[in-house]
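Today I open my notebook and look up a few things in one structure.

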Amino acid sequence: MAMTSSLERLRDTNRRSITSLLAAEGPMSRADLVRGTGLSRTTVSSLVGDLISTGHVVETTDRGRPHKGGSGRPPLLVALSTPAGGVAGVDIGHGHVRVAVADRVGTVLAEETAEVDVDEDGAVALDRAARMVRQALQAAGLELSDLHAVGMCVPAPLDRRSASIRTGILPGWRELTPGDELHRRLGVPVFADNDANLGALAELGQGAARGSSDLVYVKVASGLGAGIVLGGRLHRGASGIAGELGHVQVDEDGQVCRCGNRGCLETLVSAPRLLALLQPAYDVPLSIERILALDDDGDAGVRRVLSDAGRAVGRALADLCNNLNPELVVVGGSLGASTSLGEGIRAAVDRFAQPDTAAALTVVSGDLGDRAEVVGAVSLAIARVSV
Ligand SMILES: [Zn+2]
């Protein structure tokens, strides 16, 4: 009896890895599923058979996105079927709330963004997020009763057991459990994670890290954080706080950080900090968009500041890379597209990581820009309702 139920649990877990992979990467062949899940060919074939008979997946020849086709017949692919209703993704940053409503295979139907100072009062930001979900549903032609699940991210680590925020990084959110709070406001299941973790999942599934299995996603925005993927899986750590790259200490006597420590990397590198550093030298009010444009134009001051910021990030990343040996660093967040930032990271990794580690590593900007987190939140919601 116990044996049967543990076998069933195993099959359930394996079915879930297949549907999660399909949710993240779109239609795939059975051979791709074998490679992507690490399950045997026989197991994949049997589980796909189950999922087809229950209507969760369908066979198709449509890859859902352009691909370099060879000659001959297109291969038969497996895709998640598109059940009725939708899911939502909610990305809460330090300075914004972004919401996307998608169908159940991840096609975004409506998206809303608002600039909100979320740090001081979690309840107000969550009220706003719930309103935006309702508005996006309406724009997508869906009702609240059509919504199956919400994935959300917050710019702070969530305790792995309680899913609550324990740190002082978000002062107005201390001891809040964001998933439960949004669930109370919407009445549907809400799954919460850290922002950089979901950004990493989105770039892994649909962006610059497709096909990679060991990577570090670095989000450079209002804060600084990392999502670590090892062996194709997100590494959350013992209590859920892995990847706090922004709180690596770089100056023992430095500025006091919002985490309570001193001289954290984030006190040197964050969008507000870099804006404040640059603004006195410019006559026009600077914004992140303006800084990125000036970087492209070769503006000396902007290049210097972004390149120095990249070096500081790269110095901390070099140690992480020496320990983890990733093949890829994906730079995301609102500043992720900056050429000078990327070059600074590369230069510091080359200088401070051991040569073989640096040689094995590629540094790229994310494909999904500052939408990565909301795309990852949608994928999280789909993965949790697919089976
Ligand atoms: Zn800190």
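I start with a term: helices (H or I, at least four residues) and strands (E, at least two) are DSSP runs, numbered from the N terminus. I also note that the expected span of a helix is 1.5 Å times one less than its number of residues.

Before going on, I write down that this is a predicted model, in which local features need pLDDT of at least 70, side-chain atom pairs count only at pLDDT 80 or more, and totals for chains, interfaces and linings use all residues. Residues are numbered from 1 along each chain as its sequence is written, and side-chain values use heavy atoms, with hydrogens and water left out.

**Entry 1: the whole chain.** I find 13 helices and 12 strands in the chain. The C-alpha trace spans about 65 × 50 × 45 Å along its principal axes. I then check the radius of gyration, taken over C-alpha atoms, against the globule rule of 2.2 Å times the number of residues to the power 0.38. For 387 residues a compact globule would come near 21 Å, and the chain has 21 Å, so the two agree.

**Entry 2: cover.** I call a residue buried under 20% relative accessible area, exposed over 50% and partly exposed in between (1.4 Å probe, protein chains only). Of the 387 residues in the chain, 50% are buried.

**Entry 3: helix α13.** This helix runs over residues 372–385, and its 14 residues should span 20 Å at 1.5 Å a residue. I find its end C-alpha atoms 20 Å apart, which agrees. Helix α13 is mostly covered, with 13 of its 14 residues buried.

**Entry 4: helix α6.** I repeat the check here: 12 residues should span 16 Å, and the end C-alpha atoms are 16 Å apart, in agreement. How many residues of α6 are buried? I get 10 of 12, so mostly covered is the word for α6 too. Among them are Ala196, Leu198 and Leu204.

**Entry 5: Asp195.** I find Asp195 in helix α6 (residues 195–206). Its relative accessible area is 8%, so Asp195 is buried. Contact means heavy atoms within 4.5 Å. Leaving aside neighbours within four places in sequence, Asp195 touches Cys153, Val154, Pro155, Lys219 and Glu373 in this sense.

**Entry 6: Thr19.** I find Thr19 in helix α1 (residues 2–25). Is Thr19 buried or exposed? Its relative accessibility is 0%, so Thr19 counts as buried. From Thr19 to Val78 I step over 59 residues in sequence, yet their C-alpha atoms are 10.0 Å apart in space.
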